[in-house]
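User: I'm new to this structure and would like to learn how to read it. Could you walk me through it?

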Amino acid sequence: MNETKFFSLMVDLHRDGARQGPGGDAETLRALELSRLNPASVIDVADIGCGTGASTLALARKLQNARITAVDLFPEFLELLAARADEAGLSPRITTQKGSMESLPFADGSLDLIWSEGAIYNMGFAKGIEAWRRFLRPGGVLAVSEITWLQPDPPKEIRQHWESEYPEIATAPEKISILERAGYDLLGYFVLPSSSWIDNYYEPTEARIRAFLERHDGEPESVEIVEMERQEVELYKRYQDYFSYGFYVARRR
Ligand code: SAH
């Protein structure tokens with residue numbers, strides 16, 4: 001399937017979801033607590049790979065004086081984010097910005113907090129944390145969720161899956177040492193629970209599949225996408241003891 005078709009179908013399947021990846025408001029707030037930021041302070045925040053903005057909105061509600069720039073590659077997601085922000089009365093503090101995480105528009109040292117849930121894998125964790133560091137002021141905080149092995153020796157099937165999908169997958173101690181070598185100090189780390197995957201992401205996605213297939217009746221690519229999604233769910237259900245997203249919160253030295 002060509003890339004344009006793939007992305008347009010993926011956006012169509014996922015735009016009506018509250019989240020475009022595993023996560024949850026409770027987990028967003030838990031990570032925010034680990035950041036030790038004062039929720040009342042006037043701060044500049046970027047939410048990178050924000051999708052339709054579940055985390056952007058949760059952050060904006062909690063950080064009442066924050067100015068948040070929400071960045072994503074797909075304008076369709078950003079339009080929905082902007083509408084949701086408007087409905088919630090949060091739009092004065094949220095700016096959407098279409099663009100790539102690989103060429104962000106921020107000035108050096110201009111951000112107090114960089115947030116990114118389920119998205120940094122698109123450029124790779126090591127490359128991302130290194131490239132984004134300069135946008136943070138010294139003492140500024142990075143909070144990212146990243147695919148992580150929960151056990152060092154996973155079964156062959158799931159190991160082969162991740163080695164082909166995302167070879168950067170590693171255990172938390174390995175990810176933490178990459179952060180430290182890149183000039184960050186860890187403030188805290190936790191693992192996204194199964195509810196973040198099943199209740200908040202996979203079940204709502206499954207509930208949209210029938211309408212998705214109807215919208216794309218006769219397009220074999222839409223069936224291919226659905227098969228891919230369902231295989232991913234099966235793998236998660238079978239091997240959830242072995243991998244999840246780790247949420248890493250770290251401070252720029
Ligand atoms: N943070 C959101 C979305 C996660 S899905 C959530 O947790 O719900 C990953 C997101 O990254 C998608 O919205 C996708 O459009 C975006 N994305 C993919 N590649 C990107 C890139 N190169 N630059 C910016 N965003 C990108």
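**Reading the ligand site and the strands**

Analyst: Happy to. Keep in mind that this is a predicted model. Let's begin with the shell around the ligand: by class, it holds 6 nonpolar, 8 polar and 3 charged residues.

User: How many residues surround the ligand, and which are the closest?

Analyst: There are 17 of them, and the closest are Gln20, Gly49, Asp72, Met101 and Glu117.

User: How do I read polar contacts here?

Analyst: Look for pairs of N or O atoms within 3.5 Å. In this model, a polar backbone atom of Glu117 sits 2.9 Å from a nitrogen atom of the ligand. Leu73 also uses its backbone, with an N or O atom 3.4 Å from a ligand nitrogen. Ser100 has a side-chain N or O atom 3.4 Å from a nitrogen of the ligand. As for cover, the ligand alone exposes 570 Å², and the protein buries 92% of that.

User: Which strands pair with β2?

Analyst: β1 (residues 43-48) pairs with β2 in the parallel sense over 6 bridges. Asp44 stands opposite Arg67 in β2. With helix α4 (residues 75-87), β2 and β3 form a right-handed β-α-β unit.

Key:
Residues are numbered from 1 along each chain as its sequence is written. This is a predicted model: local features need pLDDT of at least 70, side-chain atom pairs count only at pLDDT 80 or more; totals for chains, interfaces and linings use all residues. Side-chain values use heavy atoms; hydrogens and water are left out. A residue is near a molecule or strand if one of its heavy atoms lies within 4 Å of it. A polar contact is a pair of N or O atoms within 3.5 Å; within protein, one must be able to donate a hydrogen and the other to accept it, and residues adjacent in sequence count only if both atoms are side-chain atoms. Accessible areas come from the Shrake-Rupley method with a 1.4 Å probe; for residues, only the protein chains shown count as cover. Ala, Val, Leu, Ile, Met, Phe, Trp, Tyr, Cys and Pro count as nonpolar, Asp, Glu, Lys and Arg as charged, and the others, Gly among them, as polar. Two strands pair if DSSP finds at least two bridges between them. Helices (H or I, at least four residues) and strands (E, at least two) are DSSP runs, numbered from the N terminus. A crossover is right-handed if, with the strands pointing away from the viewer, the path from the first strand over the helix to the second runs clockwise.
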